[in-house]
Amino acid sequence: MSLLSFKQKFSDFLDEEDAATAIEYAVMLALIVAVCAGAVSGLANATKDSFTNSGDAIAGAMGS
């Protein structure tokens with residue numbers, strides 16, 4: 001491989017944007033997963049609290 005060929009290949013490598021695009025997509029995916037996990041966690045806590053309140057109300061209404 002000649003020096004000119006190496007320089008051209010190295011220049012072409014630096015000009016490629018495929019790797020940067022893949023990293024950007026990975027970061028976006030990580031952020032989306034984090035937001036979804038947070039939303040599911042929040043909804044799970046709200047649902048648990050709702051069922052606890054409902055169970056307490058039913059138990060109180062039945063005199064237990």
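A surface patch, as the word is used here, is made of residues with over 30% relative accessible area and no salt bridge, and like charges are joined within 9 Å. Asp and Glu count as negative. In this predicted model, a negative surface patch of this kind is formed by Asp 12, Asp 15, Glu 16, Glu 17 and Glu 24. One of its members, Glu 24, is found in helix α2, which covers residues 18-61.

**Overall form**

The chain contains two helices and zero strands. Helix α1 takes up residues 3-15, and helix α2 takes up residues 18-61. Along the principal axes, the C-alpha atoms fill a box of roughly 90 × 15 × 5 Å. The radius of gyration of the chain is 28 Å, whereas a compact globule of 64 residues would have a value near 11 Å.

Two pairs of residues illustrate how sequence separation and spatial separation can be set side by side. The table gives C-alpha to C-alpha distances.

| Pair | Separation in sequence | Distance in space |
|---|---|---|
| Leu 43 and Met 62 | 19 residues | 28 Å |

**Exposure of the chain**

What share of the 64 residues counts as buried? The value is 0%. The chain exposes about 5600 Å², and carbon and sulfur atoms supply 68% of this area.

Phe 10 counts as partly exposed because its relative accessibility is 44%. Both classes follow from the cut-offs, because a residue is buried under 20%, exposed over 50% and partly exposed in between. Leu 43, which lies in helix α2, has a relative accessibility of 58% and so counts as exposed.

**A nonpolar patch**

Which residues form a nonpolar patch on the surface? They are Leu 3, Phe 6, Phe 10, Phe 13 and Leu 14, and together they have about 580 Å² of accessible area.

In summary, the model shows a chain of two helices and zero strands, with 0% of its residues buried.

Definitions and conventions
Residues are numbered from 1 along each chain as its sequence is written. This is a predicted model: local features need pLDDT of at least 70, side-chain atom pairs count only at pLDDT 80 or more; totals for chains, interfaces and linings use all residues. Side-chain values use heavy atoms; hydrogens and water are left out. Patches are made of residues with over 30% relative accessible area and no salt bridge: like charges are joined within 9 Å, nonpolar side chains (Val, Leu, Ile, Met, Phe, Trp, Tyr) within 5 Å. Accessible areas come from the Shrake-Rupley method with a 1.4 Å probe; for residues, only the protein chains shown count as cover. A salt bridge is a side-chain nitrogen of Lys or Arg within 4 Å of a carboxyl oxygen of Asp or Glu. The place of a charge is taken as NZ of Lys, CZ of Arg, CG of Asp or CD of Glu. Helices (H or I, at least four residues) and strands (E, at least two) are DSSP runs, numbered from the N terminus. The radius of gyration is taken over C-alpha atoms; the globule rule is 2.2 Å times the number of residues to the power 0.38. Buried means under 20% relative accessible area, exposed over 50%, partly exposed in between (1.4 Å probe, protein chains only).
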